[in-house]
Amino acid sequence: MRTCNRGVLIVISGPSGAGKGTICKELLEKHENIYLSVSATTREPRSGEVHGVNYYFLKKEDFLRKVKENGFLEYAEVYGNCYGTPKANVEKMLDEGKDVILEIDIQGALKVKENFSEGVFIFILPPSMEELKQRIIKRGSETEESLMRRFKSAYKEINYVSKYNYAVVNDTLDVAVSKVESIIAAEKCRVDRIKENTILDSKEGLIHEQLYD
């Protein structure tokens, strides 16, 4: 007998250069049942971007209407454009038993936590601040000024780690991905997530555990 189990929302944050995007990419490639949450935005699509794949591109009036209808787990305005995580899309995938990754900044993650406490909140940390600095430098896209701004921002962001359920240090990518996988597996075994955890076999009088497949 199979049990229909609700998926898990995995919220991943961390400072720029910690490697959260790479970890999410690895998880998506390795696991067919893990899906990436697609955000909505009011900005114009860039060349090659596809509606529903990269973003849901909405008119501003439609976005604001969804805000009034409580249609986002979180939303924010950045440089005149609005961005948000559509609640209905996430709920639909979770109800279908799919696990959903939401890679998001810290402020957005904290808003999601207010609206969706059952989520699993994971903070990705660099092995050291010096290593973080070197990773940002290797990108080759930062001026000295922007590098220092990102570095100072990272110091502030790390202070929010206590707001998350888990912290994973991304020293070696494979190890960090394995730790996140272990967190997801452990969360699926939590008693409060199991909708039907026992079946009574009347013939044999045995109790069988019915956990996640």
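Two strands count as paired here if DSSP finds at least two bridges between them. Keep that in mind as you look around this predicted model. One part to look for is an open sheet of four strands, and another is strand 7, which pairs with strand 1 and with strand 2.

**The four-strand sheet**
- Going across the open sheet, the strands come in the order 4-3-6-5, and their pairing is mixed.
- Strand 4 (56–57) and strand 5 (72–78) sit at the edges, so to speak: each of them pairs on one side only.
- Strand 5 and strand 6 (residues 81–86) run antiparallel, with six bridges joining them.
- To spot that pairing, find valine 78, which stands opposite asparagine 81 in strand 6.

**Helices on the sheet**
- Helix 3 (residues 87–95) packs on the sheet and touches strand 4, strand 5 and strand 6.
- The direction of helix 3 makes about 25° with that of strand 6.
- Helix 2 (residues 60–68) lies across strand 3 (40–41), strand 5 and strand 6.
- Against strand 5, helix 2 runs at about 135°.

**Strand 7 and its partners**
- Strand 7 (residues 99–103) is mostly covered, with four of its five residues buried.
- Strand 1 (residues 9–13) runs parallel to strand 7, and four bridges join the two.
- In that pairing, isoleucine 12 stands opposite glutamate 103 of strand 7.
- Strand 2 (residues 34–36) also pairs with strand 7 in the parallel sense, over three bridges.
- Here the residues to look for are leucine 36 and, opposite it in strand 7, isoleucine 101.

Key: Residues numbered from 1 in each chain as written. Predicted model: local features only at pLDDT ≥ 70, side-chain atom pairs only at ≥ 80, totals over all residues. Heavy atoms only, no water. Contact = heavy atoms within 4.5 Å. Axes fitted to C-alpha atoms, helices over the stretch in contact; angles between N-to-C directions. Buried < 20%, exposed > 50% of the residue type's maximum accessible area, 1.4 Å probe, protein only.
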